[in-house]
Amino acid sequence: MTATSTFTQQLQDVAEAARTYGRAAQKAASAHFGAKPDAALLQRSQRALHGLAWTAMTVEAIAHAAEWAVQLAEAKRLAPLDELVYSVGIAEYLAQLAGGIPMGQNEIFRPSELGLQDAAAALNNDASVRALQASGGSPETRLKLVNALRAGEHITETVLDEELDLIRDQFRRFTEKEITPHAHQWHLADELIPDSVIAKLAELGVFGICIPTDYDGMGLGKRAMCIVTEELSRGWIAAGSLGTRSEIAGDLIASAGNEAQKSTWLPKIASGEVLPTAVFTEPDTGSDMASLRTRATQQADGTWRIDGNKMWITHGARSDLMTLMARSEPDVNGHAGLTMFLAPKQRGTDADPFPSKGMSGGEIEVLGYRGMKEYEIAFDGFEVPADAALGGARGQGFRQLMQTFEGARIQTAARAVGVAWRAFDLAWRYANDRKQFGVPIIEFPRVSDKLAMMISECVMARALTNFAAVEKEQGHRCDIQAGMAKLLGARVAWSNADAGLQIHGGNGYALEFEMSRILCDARILNIFEGAAEIQAQVIGRGLLTR
């Protein structure tokens, strides 16, 4: 048996050990909550529910990282550096399962909280787990990983698909030339991404990656979308996020629109002629969409009148089409009274951001995630065409939106992975360049340890995101998998940004250093597209009820 085959067998064994622990957690949670948990119990025991979600997510991250490493080995593409990276990442996540999983900076979920002490002990005593933790969990292995990187070795980034590998190469080159050199100045000036960059992204097909070829899109899958998003976000999260609004609008129209809506809007979105924006959130609702109050009232001529207020509308001014959620059925409470509208608007300018009649609004100044700007918008008699209800269906807006959340959350996971990589890139460069006490600071173990974990977690999060994308491509329901990918990606982005700034020291806190922007950009990832707590709620409830 070769060293590589021994390693891959070890990974398969620890993945099964992790899954055994995951099954024990599922069983314990099911016993705690019962076959049909009521809302009051879920509320009282939210920490246990979310702990189940984080446990299951960690198990899946281990299993799919191990699975991907095995696939690379079978294709004879697993390099020695890859073995070190997967060893370090998987060993750490195994330790978290048995010892405590960080759900937040000051929230560690312990096995005892679900009565999993015996399962945790069994996991720790598993021979394959002990062996991997003895190697991958050691300071010597982390140092060996860093030294391999310093010697010029690289991780293997192929996805074992020539077309997708070419797409990664193309967008990495584009980002390095067109985005990365300018992103920090755009951020500091709080400027919109230049129209010229949007035009170049449109030429590359960014806005139509998943739109069917019948409607002039590229007709590619979610893996391609993730690769493009990750590479653009590695330059700047705003660049990777430009396609999110097109992804949401494209998914909504392709999945729920009628033929007239598809033929009207999808080609224009794919070409970049029409820039869409998502108009869902309201000042007092946040994630509680059942409480949306913006009203859509049908007029005598069939058109709709929109009245109400929306908040946190990304790219709200420089957009041409709103996917707008409003309450069209005033006598129906909750989600059932909501309708999704395809609402055209005039594109705004700096001088007049909302020129359309019946619309007004202002910018919300934010720490990071700049480049598209955030807005609060007031609607006062804004007119929407008679045929604007998505698919011609009233009261189906929430259900239609839920069908797109899987794709949006997978893409957000890819954005997070890109931000996490940029944090590593900057920290790696700084640690090699910065000297203290006569040596580069990468020579200090607390610095090199951080870097080893940063790159390993990038790989772990990328593997889980890729798995969720594959599930979506294959037509499987994947709200749980998408939520897991987003949950892990956001945590890794923030952890890497925090560690990267610590490596920079005081310079990282200075606005002139790009690391300061990465910290601000990373923070939003745990909030938008479903806050971490909402993701854990969705995952936990899904695990209990299926």
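Helices (H or I, at least four residues) and strands (E, at least two) are DSSP runs, numbered from the N terminus. The close-ups below come from a predicted model, in which local features need pLDDT of at least 70 and side-chain atom pairs count only at pLDDT 80 or more, while totals for chains, interfaces and linings use all residues. Residues are numbered from 1 along each chain as its sequence is written, and side-chain values use heavy atoms, with hydrogens and water left out.

**View 1. Glutamine 96 in helix H4 (residues 80–99).** Leaving out residues up to four places away in sequence, glutamine 96 touches Ile101, Pro102 and Arg491 (contact means heavy atoms within 4.5 Å). Arginine 491 turns up again with a ring: its charged end sits over tyrosine 93, 5.6 Å from the ring centre. For such a placement, NZ of Lys or CZ of Arg must be within 6 Å of the ring centre and within 35 degrees of the ring normal. Elsewhere, lysine 268 lies over the face of tryptophan 265, at 5.8 Å from the ring centre.

**View 2. Helix H1 (residues 3–33) packs with helix H6 (residues 127–136).** From H1, the contact is made by Gln10, Leu11, Asp13, Val14 and Ala17; from H6, by Ser128, Val129, Ala131 and Leu132. These residues divide into 6 nonpolar, 2 polar and 1 charged, where Ala, Val, Leu, Ile, Met, Phe, Trp, Tyr, Cys and Pro count as nonpolar, Asp, Glu, Lys and Arg as charged, and the others, Gly among them, as polar.

**View 3. Aromatic pairs, of which the structure holds 9.** Rings of Phe, Tyr and Trp (its six-membered ring) pair if their centres lie within 6.5 Å; planes under 30 degrees apart count as stacked, over 60 as edge-to-face and the rest as tilted. Phenylalanine 354 and tyrosine 375 are edge-to-face, because their ring centres are 5.4 Å apart and their planes stand at 85°. Phenylalanine 354 lies in the loop between strand E7 (338–344) and strand E8 (359–364) and tyrosine 375 in strand E9 (residues 374–384), so the pair ties together parts that are 21 residues apart in sequence. Phenylalanine 354 is buried at 6% relative accessible area, and tyrosine 375 is buried at 7%. Another edge-to-face pair joins phenylalanine 437 and phenylalanine 444, at 6.5 Å centre to centre and 85° between the planes. Ring pairs also link Trp421, Phe424 and Trp428 into a cluster.

**View 4. Lysine 345 in the loop between E7 and E8.** With a relative accessibility of 9%, lysine 345 counts as buried. Beyond its neighbours within four places in sequence, lysine 345 has contacts including Asp320, Phe354 and Phe382. Lysine 357 is 12 residues from lysine 345 in sequence, and their C-alpha atoms are 9.1 Å apart.

**View 5. Two residues with positive phi, lysine 76 and tryptophan 312.** Most residues other than glycine have a negative phi. Lysine 76, with phi of about 60°, is found in the loop between helix H3 (46–74) and H4 and is exposed at 76% relative accessible area. Tryptophan 312, with phi near 60°, is in strand E5 (residues 304–314) and is partly exposed at 42%.

Technical notes:
Axes are lines fitted to C-alpha atoms, for helices over the stretch in contact, and angles run from 0 to 180 degrees between N-to-C directions. Buried means under 20% relative accessible area, exposed over 50%, partly exposed in between (1.4 Å probe, protein chains only).
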